[in-house]
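Trainee: I would like a close look at one part of this model, and then at whatever else can be described in the same terms. Please give the cut-offs as you go.

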Amino acid sequence: MLQHFDPTKDYGTPASLSETLVTLEIDGVEVTVPEGTSVMRAAALHDINIPKLCASDNLEAFGSCRLCAVQIDGRRGLPASCTTPAEAGMKVTTQNGKLAKLRRNIMELYISDHPLDCLTCPANGDCELQDMAGAVGLREVRYGFDGENHLDAEKDHSNPYFSFDASKCIVCSRCVRACEEVQGTFALTIEGRGFDSKVAAGQGGDFMDSDCVSCGACVQACPTSTLMEKSVIDAGQPEHSIVTTCAYCGVGCSFEAEMKGDQVIRMVPYKGGDANHGHSCVKGRFAFGYATHSDRIKHPMIRDSIDQPWREVSWEEAIAFAARRLKEVQAQYGRESIGGITSSRCTNEETYLVQKLVRAGFKNNNTDTCARVCHSPTGFGLKATLGESAGTQTFDSVMQSDVIIVIGANPTDAHPVFGSLMRKRLREGAELIVVDPRKIDLLKTPHLKDAQHLPLRPGTNVAMINALAHVIVTEGLEDKAFIADRCDDKAYQAWREFILDARHAPENVEAITGVPADKVRRAARTYATAPNGAIYYGLGVTEHSQGSSMVMGIANLALATGNIGREGVGVNPLRGQNNVQGSCDMGSFPHELPGYQHVSDDTARARFEQVWGVKLDDEPGLRIPNMFDSAIAGTFKALYVQGEDIAQSDPNTHHVESALKSLDCLIVQDIFLNETAKFAHVLLPGSSFLEKNGTFTNAERRINRVRKVMPALAGKEDWEVTQDLANALGYPMNYGHPSEIMDEIASLTPSFTGVSYDKLEELGSIQWPCNDQYPDGMPTMHVEDFPIGRGQFAITEYVASEERTNRRFPLLLTTGRILSQYNVGAQTRRTDNQVWHDEDVLEVHPSDAELRGIKDGDWLGISSRAGQTVLRARISERMLPGVVYTTFHHPGSGANVITTDSSDWATNCPEYKVTAVQVEKVSQPSEWQQNFRAFEKLQHQLLKGDAATLTDGNGAG
Amino acid sequence: MNQLDTLIHMANQIADNNSHYGTQEEAAARVASHLTKFWARSMKQQIIDYLHSDGSKLNPLAQIAIAQMQSSIRPEPADLCG
């Protein structure tokens with residue numbers, strides 16, 4: 001899909017979804033379009049391009065510039081084609097002398113207050129104002145340039161990624177409208193009237209001081225160089241572009257990587273992307289500089305022990321060294337003493353290959369993925385109830401929702417592009433119910449109706465979902481027809497009896513959740529009586545000791561109300577990382593082969609054995625926490641980790657570090673020396689998403705192509721490295737391209753049999769299942785039936801977390817993420833996103849702060865049963881009293897030093913969201929932090945091959 | 001927690017979360033099925049050994065389930081050994 005700079009066509013106004021068609025005549029051409037289509041769009045659809053400046057097809061028509069005026073038979077004046085709907089029988093003229101004169105006059109006025117520096121302007125070659133001046137044939141400006149103007153207007157360079165040059169502004173309002181309509185932030189406005197009108201960020205300060213979230217929608221919308229990427233100002237216009245998929249969150253936005261040679265100049269959200277429709281967030285749009293950061297590991301390295309300097313070696317030597325060590329360990333400690341961990345940051349093809357290497361090359365099932373620590377309960381819970389380990393909808397489905405429940409998710413920060421879409425629907429009038437201990441930003445959506453917030457205590461999700469279900473059943477709000485037609489009656493009757501018990505009544509649950517019963521009753525009624533009720537959830541659901549129960553409880557609620565199987569409803573897990581869904585689909589879990597086929601399924605296993613040419617183990621392997629326990633016990637001795645930073649992201653850091661230090665051989669494949677790599681013996685350079693081919697699967701099961709836009713910095717794509725390791729171990733792999741890996745996946749995975757790179761090229765993206773039954777994929781799941789036949793209600797008894805407060809640890813810590821940083825921060829910390837969040841802080845409620853004499857900015861020691869760390873205080877009312885909150889984006893923060901081993905009963909997903917802690921003012925970093933700094937310093941010296949550090953006395957932590 | 005204590009804790013936690021499924025026999029079958037489906041061979045063997053050697057830290061439902069589960073554990077395939 002290489003595109004030689006042909007910008008995507010802008011049809012001027014959004015498409016009409018009407019099924020009624022109207023026929024009109026434009027410039028003598030008969031044109032048929034859906035009713036409600038603007039004359040401008042109707043013309044553009046037939047290659048009749050009417051000049052425009054203030055119109056763009058991702059924004060509602062505005063009718064401000066008047067450049068798009070047309071003549072319509074029988075109508076007075078010259079109406080704007082952008083705001084005039086096409087009507088049956090209409091006769092439109094887009095070009096004649098009168099219109100030409102009007103347009104020239106308009107352009108003349110614009111240009112009379114615009115710098116004539118086109119040759120040195122950064123938008124030269126990509127400027128709609130310049131294009132329109134040409135299109136209308138402007139040849140002179142009769143007014144001169146000496147009158148009052150804006151040419152000396154101040155520039156705003158405060159944003160690290162784009163500049164605002166007001167002298168170039170034509171006040172078309174596209175940026176303001178993009179901020180409102182596309183992003184939903186309302187950070188920009190037009191200040192002043194008439195000649196004094198100007199675009200302003202917030203209350204007239206600079207962009208960085210405003211509510212701007214740096215999504216780039218305004219930059220994208222700007223028809224001039226007023227809002228311009230600094231990378232384009234520095235490097236000039238790109239010369240070709242390649243469509244690829246973002247490597248950040250689970251939304252999976254499509255971008256055009258706009259290039260000069262092999263240098264990325266900018267990432268522009270791709271309008272043809274089915275997940276994002278041309279929108280973006282600050283991470284995907286701007287934070288790509290990490291890919292060429294000087295910290296990138298560019299050479300394979302090996303060492304015998306972690307206190308030795310790294311030694312740069314050839315790929316051949318590193319792979320041979322790794323293979324030899326793995327064989328030695330297996331020879332000494334047994335077949336099951338080694339394993340591998342895949343990452344949701346890697347492509348489908350890469351994760352498939354790693355689990356294949358483990359199962360076929362290592363000859364065991366000790367493969368796991370970082371979904372273990374985020375959405376493994378989703379896989380378990382949705383498979384048990386709905387029969388498929390995946391969300392049920394498309395993102396666009398939310399536009400049909402009447403009531404939206406958001407549980408334990410913060411879409412505007414963690415899934416920003418989808419968060420914007422959700423906000424759009426909320427502005428249209430959908431009702432919002434938020435179930436979350438924190439007052440998330442979604443509750444502050446401009447023009448939101450009266451939203452409901454159920455601020456429950458951390459760890460009481462299941463009590464809450466049961467209370468909601470109790471109200472629905474006792475008040476007769478169930479969808480009895482749906483239940484009778486679609487659900488298993490025995491399971492339903494058992495669940496009904498369970499949920500009818502008075503212990504689940506909101507009045508009896510109030511003491512557990514802390515949420516008043518009347519609020520719970522109101523929320524249940526709102527959801528159950530909505531024509532379309534949708535539930536969206538995130539890690540605030542899964543990362544609990546009852547994460548799986550809660551996922552099943554959510555499915556119960558959707559089944560009971562018939563909110564499954566059509567647009568606007570459903571159960572929607574918002575996946576944290578870009579390829580969480582894919583890494584699970586690809587068989588990364590120790591008990592499942594690709595396509596969620598259990599290893600004990602003799603028929604499925606036989607198919608894999610035939611294609612892979614080896615006998616496979618029929619018992620599940622170790623999960624990540626079991627690997628750690630076994631490592632400390634001395635039975636698990638070697639680990640291959642691709643693209644995952646378990647030392648930073650997994651809970652109870654002391655325990656994880658002990659496990660990693662217990663290994664005889666740790667092989668880390670990553671683009672940086674991450675925290676895990678500091679404990680490694682083999683460091684294999686990874687390739688960023690810009691340097692490889694493959695696919696990602698987003699939270700709506702959408703498989704999107706990842707396309708290589710530049711050569712791999714270290715010479716190999718990640719799948720090639722895994723292949724080399726397999727071959728060195730004596731298990732042959734001979735793929736020439738990731739498309740061949742996908743072909744193998746399709747041959748072995750029933751839900752992928754129709755997927756191929758050719759089909760992805762043809763369709764753009766595919767939502768699995770894609771097979772003979774659904775050749776083009778399946779946007780909405782469970783429309784007619786469930787993969788398990790009938791929906792299965794599950795018994796979800798509330799079992800309180802063992803992680804409880806007491807006098808020693810009286811507060812509950814919950815963790816999460818923020819907009820500008822991503823996960824462990826390895827990527828975003830190496831970009832200018834640091835300006836928004838250069839350290840993790842502890843948010844403390846004012847009443848808890850006052851009790852402890854804590855002021856904003858104080859250093860706080862946070863102690864739990866697992867450990868202690870120190871963070872700066874931020875006083876915040878976003879949580880309830882008794883709850884504190886932090887993020888985990890900076891390794892030195894040690895957020896996971898305090899999180900514990902407590903985990904989900906079904907999947908071992910860590911209970912990151914509930915840790916009992918005490919907080920007190922301190923004056924120095926914790927002991928762990930001091931050791932961390934020393935160890936970090938040592939490891940960076942060892943990275944430089946500095947053997948002298950061995951005698952310097954820098955202690956390994 | 002050492003490895004065995006972790007496994008005991010996990011087994012009890014699984015039992016606690018399935019104890020409301022019908023009779024004790026039905027609940028035990030669910031717990032046994034869960035262990036069979038999700039635990040690694042070495043973990044199953046350790047918890048079975050513990051049940052036979054002591055078992056006192058396991059709650060009653062977990063004990064019944066582990067006893068049921070031991071019959072379903074598959075022997076290590078001979079052609080994978082070595």
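Mentor: Arg701(A) is in the loop between strand 28 (694-697) and strand 29 (702-706) of chain A. The model is predicted, so local features need pLDDT of at least 70 and side-chain atom pairs count only at pLDDT 80 or more, while totals for chains, interfaces and linings use all residues. Residues are numbered from 1 along each chain as its sequence is written, chains are lettered from A and ligands numbered from 1 in the order in which they are written, and side-chain values use heavy atoms, with hydrogens and water left out. Helices (H or I, at least four residues) and strands (E, at least two) are DSSP runs, numbered from the N terminus.

Arg701(A) has a positive phi of about 65°, although it is not a glycine. Most residues other than glycine have a negative phi, and most peptide bonds are trans. The relative accessibility of Arg701(A) is 0%, so it counts as buried. Buried means under 20% relative accessible area, exposed over 50%, and partly exposed in between (1.4 Å probe, protein chains only).

Tyr596(A) also has a positive phi, near 60°. Its loop runs between strand 23 (592-593) and strand 24 (597-598) of chain A. Tyr596(A) counts as buried because its relative accessibility is 6%.

Another backbone feature is the cis peptide bond that joins Trp768(A) and Pro769(A), with omega about 5°. Pro769(A) is found in the loop between strand 30 (765-767) and strand 31 (811-816) of chain A.

His845(A) is a loop residue as well, between strand 32 (841-844) and helix 28 (846-852) of chain A. With a relative accessible area of 14%, His845(A) is buried. Its C-alpha is 7.2 Å from that of Val883(A), 38 residues away in sequence.

Now the aromatic side chains. The structure holds 19 aromatic pairs over all chains; rings of Phe, Tyr and Trp (its six-membered ring) pair if their centres lie within 6.5 Å, and planes under 30 degrees apart count as stacked, over 60 as edge-to-face and the rest as tilted. Tyr352(A) and Trp612(A) have ring centres 6.1 Å apart and planes at 75°, so they are an edge-to-face pair. Tyr352(A) belongs to helix 9 (residues 348-362) and Trp612(A) to helix 21 (residues 602-612) of chain A, so the pair ties together parts 260 residues apart in sequence. Both Tyr352(A) and Trp612(A) are buried.

Trp612(A) also pairs edge-to-face with Phe608(A), at 5.0 Å centre to centre and 75° between the planes. These two residues both lie in helix 21 of chain A, four residues apart, which is about one turn of the helix. Phe608(A) counts as buried at 0% relative accessibility, and Trp612(A) is buried with a relative accessible area of 4%. Elsewhere, Tyr161(A), Phe162(A), Phe164(A), Phe207(A), Phe286(A) and Trp836(A) form one aromatic cluster.

Glu762(A) is in helix 27 of chain A, and at 61% relative accessibility it counts as exposed.
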